[in-house]
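Welcome! Please take a look at the sequence and structure below, and then read on for a short tour.

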Amino acid sequence: MAQEAGMFTVQQTIGSVLCCKCGVPMAPNAANMCVKCLRSEIDITEGLQKHVIIIHCPECDTYLQPPRTWIKAKLESKELLTFCVKRLKNLNKIHLVHAEFIWTEPHSKRIKVRLRVQKEVLNGAILEQAYTVEYVVQDQMCESCTRVQANPDQWVAAVQLRQHVSHRRTFFYLEQLILKHDAAVRAIRIKQMDQGVDFFFANRSHAVKFVEFLGKVAPIKSRHDKQLVSHDTKSNNYNYKYTFSVEICPICREDLICLPPKVAVSLGNLGPLVICTKVSNTIALLDIFTLRHCFMDADQYWRTAFKSLLSSRQIMEYIVLDVEPVSSEINVGGSKYVLADAQVARVADFGKNDTLFTVRTHLGHILNPGDYAIGYDLYRANSNDIELDKYKGLVIPDVILIKKSYEEKRQKKRGKPRAWKLKSLNMEVEDSAKATDEEKRSSEYEQFLRDLEENPDMRFNISLYQNKEYQPSEMASMTDEEDVPSIPLEELLADLDLSEEEAQNDSMNE
Amino acid sequence: MATRLQFENSCEVGVFSKLTNAYCLVAIGGSENFYSLFEGELVDVIPVVKTSIGGTRIIGRLCAGNKNGLLVPHTTTDQELQHLRNSLPDQVVVQRIEERLSALGNCIACNDHVALTHTDLDRETEEMIADVLGVEVFRQTIAGNILVGSYCAFSNRGGLVHPHTSIEDLDELSTLLQVPLVAGTVNRGSEVIAAGLIVNDWTAFCGSDTTATELSVIESVFKLREAQPSAIVDEMRKSLIDSYV
C-alpha cells in the first residue's frame, strides 16, 4: 500500500535472535524458540490414538468398518489407507497433512501408518509433527464367510428346470445361451439331473431373475413354493427355502406335431400335421403342404399342452431320387422354401427293394437327386395319438422330410477337430450315470454341434470360440468344404488366454 | 548482575516495579518477598519506595522516570503524590501530567539522556517530558508497535528490543539512543520486554521464567558483568559483540 502511495519504504531485513532455550541463533518466530526446542516442549500429538485394533476377515480379505460394513482392501493400498485414517478418532481437532504406510511384514498382523499433522501452538506459530500409528490386525470371519463355511451347500433358492423329452438338445442350447448372457453367474451350484438341470442360488432375487431370463428364451411355465427353515420369535424373522419349478415345453425343433382340432382352428385352420421350425420364447410352426407358418407363445401353448407326434428319436434317412418343384421360391418368415414333389427311398431299402415314396416336401430349394435327407416315416409308424384319431378322413402322407443330411460328407471328416469350440457350464453330474447314457449323451452333443454348423440362426445367440488346436488339414480339398456346411471364421470370437472371460469386442456379424 | 524474581507468582516484574539510577519504586504486595529482594540488592545505594498509583499496583506501567524526575498520570491521588515527593530524593522532580494516554509506562521509554515516546502523545506532554526528565524526546515505533514503553527496555549502557525488529530499525534506534541495542526476548520467549525486565546501569531484575540464554543476552547487552568480573566474561563478550552489534 505504501508503494502505491509513492512513499519511500525502507527495506526491512529480519534480524536474528537467540532461541530462548538453547541459544542457537534463529530468525524470530511467534514462539521465539527454535523448532527443536518447540518440538521438545510441545507435543501436538498428545491425546491422539497411537494404537488401534482393526478386524480383518481372512477368507475374503476384507476389513470391518463397524457396525456392519466390510471393506475390501489389499495391503498397502489406497483403500486401506483411507480406511485406517477413518478409524482414528479426534482427527478433526488437528490438521492432517500427509499419510503413508511404513512397511511391515505381511504376517506380522501389524500395519503402521506415518501421519504428519499441523497444529497452532503458543502465540500463532504452526507446528508440524510426524508420528506413527500402529494398527493391530485381528482376524475374524465376516458373516457371509461364516455362513458359507458352516454349510457350503446352503442354498436359499433353487430353480428346477425340466423338459420331459428323451433327449438333451434343449439343455445344450440353453447352456450356451446362459453362458452368453451370464445368467447363472450368481448360482452357487448347478446340478445335472435326469431330464433337467437344477440351479441353486443364495438369494431369492437371483433365482427370480434367472427364471425371468428363462422365460425370455424358452416357452416355460413355472410355479414357486417356499418352505420354512427357521423362525426367530423375538424379532419375527422367518427364513425360508424357495423353490421354482420350471418346465420347458416338450416341443422341440424339427418335431412333427399333430395339432388338436381346437388349436388348428384357432391358428387359422393350419393343417393338423405341422413341423416345428424354431423354438425361442415362441414356437414357430410350419405347415409343409401349404407353406404357412405361425407362432404360438408360451401362454397359448400351455393352455392346450399338446405333445409332438414324432420327434428326433424316430427319424429315418432317405435318399432322394427325383425332385420336381411345384411352386416358386417362397419366403416364409425369413427362410426360403420351395414346394416340390420328390421321389425318395429309405436308405435301408435302397438297393434291396423297390419301395419308393412320392411325397410333397418343402425342401425343394436344397434337395437334388442323389442327396440324402432326413424325415419321418409315417407309412410304418404306429401312432397312438389321440389327436390323430379325432380327425376323420385325414390323409396322412407316407413320409415327411425335415432336412437335408450331410452324413456321407461328414464321414470323410470324421474324427477331425472343428475350427471352433464351445464353453460349458460347471455342472455337477450324478455319479449314477451309466456307460450307455454317456454314449448317448456324446452322440447327442455331436448332433448338437452339427446343428449349429447347419443353422446360422441358431448360432445367433451363442458365442463361439476359435479352437487353437485346430490345424486346417492339407488334404481338405475345395469340394469338401463346399458341401459340408461349416462356420465361417468371422463368427468365431478369439478366446482370451489372460482371463476366462469372453472377448466381446469382436461382435458377430451375420 | 541480573536477578530472577516473581511478584505473587507472576513473572511480569516490570508491571509491578520501576527501577532507575536514583530510586526504585515497588508495588505493595501481599507478602514482603518482593520488597525484600529489592532491598537486599539496593539497600545502601538507592531508596526503595513502596507505593501505589491511582490505588492500583501496576505502577511500572503507569509512570515513567529517570534520575532527574518522575512523571505520574492524572489518576494519581494527592496522597500518593505527597508520599512520593516525601520518599524520593530532593533532586527528583515528581510531576503529575494531564494526558489522555494515562499509561505513561507503556508510552514512554527513557534513560537519563534520551526518551522514546508513543507517536500520538500530546505536544504539552512532550515538552513536559523534555523539561522534567531532562531528555531528548523522539517519537518512534518498535517493530511496528506504537507502545514503545512496553516493547523495549534501555539504560544508559545498552538496550533490549522486541525480537521482530528488523536490522534497519535496530540501526536507526541505536543511532538515536546512542547505545548498543539487541533484539531478544524475556520470560521464555515473551516479546513484551519492559513487562518482564527492569534495568538500570548496574543491575537488572527479570521474571523467573527467563531462560539462561535470555539472561546471558541481557547481561551482555546491558554490560552488567563489570560488577562481578569472572574469567569467561571477556571471551563471551567478544563472541556476543561479534554477533549482535
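## Where the chains meet

Buried area is the accessible area (1.4 Å probe) that two parts lose on being put together, summed over both. Between chain B and chain A it is about 1400 Å², with carbon and sulfur atoms giving 51%. Here 18 residues of chain B are in contact (heavy atoms within 4.5 Å) with 21 residues of chain A.

This is a predicted model, where local features need pLDDT of at least 70, side-chain atom pairs count only at pLDDT 80 or more, and totals for chains, interfaces and linings use all residues. Residues are numbered from 1 along each chain as its sequence is written, chains are lettered from A in the order in which they are written, and side-chain values use heavy atoms, leaving out hydrogens and water.

## A salt bridge

One salt bridge (a side-chain nitrogen of Lys or Arg within 4 Å of a carboxyl oxygen of Asp or Glu) is found across the interface of chain B and chain A. A:Glu41 and B:Arg188 form a salt bridge, with their closest N and O atoms 2.8 Å apart. On the side of chain B that touches chain A, α8 (167-177) and α10 (212-221) of chain B each give two or more residues; helices here are DSSP runs (H or I, at least four residues), numbered from the N terminus.

## The largest cavity

On a 1 Å grid over the protein atoms alone, a cavity is a set of points where a 1.4 Å probe fits but cannot get out, and its lining residues have an atom within 4 Å of a point. The largest cavity is lined by 27 residues, and B:Lys18, B:Leu19, B:Cys110, B:Phe154 and B:Val199 lie nearest its centre.

Methods. On a 1 Å grid over the protein atoms alone, a cavity is a set of points where a 1.4 Å probe fits but cannot get out, and a pocket is an open set with protein on both sides within 12 Å along at least five of seven lines; lining residues have an atom within 4 Å of a point.
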